[in-house]
Amino acid sequence: MTEKKLENTSIHYWINDTEVGSAIIFIHPAFGNHTCFDTQLDYFRDYRIITIDLIGHGKSIGKGKIEYTALAIYQIMETEKIDKINLVGVSIGAVLAQDFANRYPSKVSSLTCIGGYDTNNFDKTLQKGNTKQQMKMMLKAMFSIKAFAEDNKKISAYTNEAKEKFYQMNLGFKKSSFRYFATLFKLVNKYKTPKRDYPLLIGVGEYDNDMAKKASAIWHESEPDSEYVEFSGAGHIVNMDTPEQFNKVLKKVIR
């Protein structure tokens with residue numbers, strides 16, 4: 001994978017040297033970075049793979065707003081001469097993948113959202129159960145990123161291997177980067193769901209939290225043409241917990 005920096009932005013991304021085949025962009029969860037998808041790189045080596053550090057994560061530190069991620073992806077596609085792309089987002093990555101699909105539907109080959117919710121029809125009462133826990137986690141992070149990382153790995157990953165890798169990523173998250181999340185709410189219930197001329201995969205881990213599982217199921221019910229998968233033996237970051245299962249399911253969706 002070759003590291004690049006998107007011109008006139010703080011965004012860093014990585015792309016392989018394959019110039020043929022369909023393109024896939026993997027968008028990581030909050031507090032992670034592009035290495036969340038290391039277990040996908042070899043399996044999808046025959047595709048044009050792009051991974052990205054979201055603003056405020058990894059090497060993408062500087063000016064910018066997370067709400068402009070869709071524009072950054074569009075600019076990456078122009079730079080790399082990619083006409084259409086398969087979007088794969090986990091957690092916050094699923095929110096940002098949907099935003100791109102809302103803004104640029106003709107540029108989407110497929111949309112895969114893991115541990116996410118329908119941003120166009122989100123019932124905010126579903127979030128109430130998680131609000132206190134999220135606030136508690138954020139306060140803990142203000143005092144100690146290490147303590148935050150220790151707790152976050154437990155609610156994000158299920159396998160010991162995924163917990164340890166995600167923990168190490170979390171340790172690199174800067175306290176100052178919490179500010180980048182402030183504008184995420186602007187992407188919720190902003191658009192009407194476009195007519196999808198591409199496959200939609202909605203996935204959730206067997207051991208993810210109740211809100212994520214309920215929101216994913218509701219989304220699937222509202223879009224019956226979508227495919228819904230509950231990944232056994234996985235928590236919130238499915239691709240890291242059960243990479244073999246995730247890769248096989250994803251490959252069926254890629255166009």
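Thr 51 is buried in this predicted model, with a relative accessible area of 3%, where buried denotes under 20% relative accessible area, exposed over 50%, and partly exposed the range in between, as computed with a 1.4 Å probe on protein chains only. The residue belongs to strand E4, which covers residues 48–53; strands (E, at least two residues) and helices (H or I, at least four) are DSSP runs numbered from the N terminus. When residues up to four places away in sequence are not counted, Thr 51 touches Met 1, Tyr 13, Trp 14, Phe 26, His 34, Phe 37 and Leu 41, a contact being defined by heavy atoms within 4.5 Å. Because the model is predicted, local features need pLDDT of at least 70 and side-chain atom pairs count only at pLDDT 80 or more, whereas totals for chains, interfaces and linings use all residues. Residues are numbered from 1 along each chain as its sequence is written, and side-chain values use heavy atoms, with hydrogens and water left out.

Ile 27, found in strand E3 (residues 23–27), is likewise buried, with a relative accessible area of 0%. Apart from residues up to four places away in sequence, Ile 27 touches Phe 37, Ile 52, Leu 54, Ile 73, Val 88, Gly 89, Val 90, Gly 93, Leu 96 and Ala 97. Between Ile 27 and Thr 69, which are 42 residues apart in sequence, the C-alpha to C-alpha distance is 9.9 Å.

In soluble globular proteins, nonpolar side chains tend to be buried together. A nonpolar core is taken here as a set of buried Ala, Val, Leu, Ile, Met, Phe, Trp, Tyr and Cys residues joined through side-chain atoms within 4.5 Å. The largest such core has 52 residues, and those with the most contacts inside it are Ile 50, Ile 85, Leu 87, Phe 100, Leu 111, Phe 181 and Leu 184. Helix H3 (residues 92–103) provides the largest share of this core, namely seven residues. Ile 85, leaving out residues up to four places away in sequence, touches Ala 23, Ile 24, Ile 25, Ile 50, Met 77, Phe 100, Lys 107, Val 108, Ser 109 and Ser 110. A second, separate core of 26 residues includes Ala 157, Leu 201, Val 229 and Phe 231.

With a disulfide defined as a pair of cysteine sulfur atoms within 2.5 Å, the count comes to zero. The sulfur of Cys 36 has its closest cysteine sulfur in Cys 113, at 16 Å, which is too far for a bond. Cys 36 counts as buried at 2% relative accessibility, and Cys 113 is also buried, with a relative accessible area of 1%.

Helix H5 (residues 145–156) packs with helix H6 (residues 160–171) at an angle of about 145°, their axes lying 8 Å apart; axes are lines fitted to C-alpha atoms, for helices over the stretch in contact, and angles run from 0 to 180 degrees between N-to-C directions. On the H5 side the contact involves Ile 145, Lys 146, Phe 148, Ala 149, Glu 150, Asn 152, Lys 153, Lys 154 and Ser 156, which meet Lys 163, Phe 166, Tyr 167, Asn 170 and Leu 171 in H6. The residues of this contact divide into six nonpolar, three polar and five charged, where Ala, Val, Leu, Ile, Met, Phe, Trp, Tyr, Cys and Pro count as nonpolar, Asp, Glu, Lys and Arg as charged, and the others, Gly among them, as polar. Ala 147 also lies in helix H5 and counts as partly exposed at 29% relative accessibility; Ala 147 and Leu 171, 24 residues apart in sequence, are 9.3 Å apart in space, C-alpha to C-alpha.

Positive phi values occur at two residues other than glycine, Lys 81 with phi near 60° and Asn 189 with phi of about 55°. Lys 81 lies in the loop between helix H2 (69–79) and strand E5 (85–90) and is exposed, with a relative accessible area of 73%. Asn 189 is placed in the loop between H6 and strand E7 (200–205) and is partly exposed, with a relative accessible area of 38%.

Tyr 228, in strand E8 (residues 227–231), counts as partly exposed at 27% relative accessibility. The C-alpha atoms of Tyr 228 and Gly 203 are separated by 5.8 Å, although the two residues are 25 residues apart along the chain. Neighbours within four places in sequence being set aside, Tyr 228 is in contact with Ile 202, Val 204, Lys 213, Ser 216, Ala 217 and His 220.
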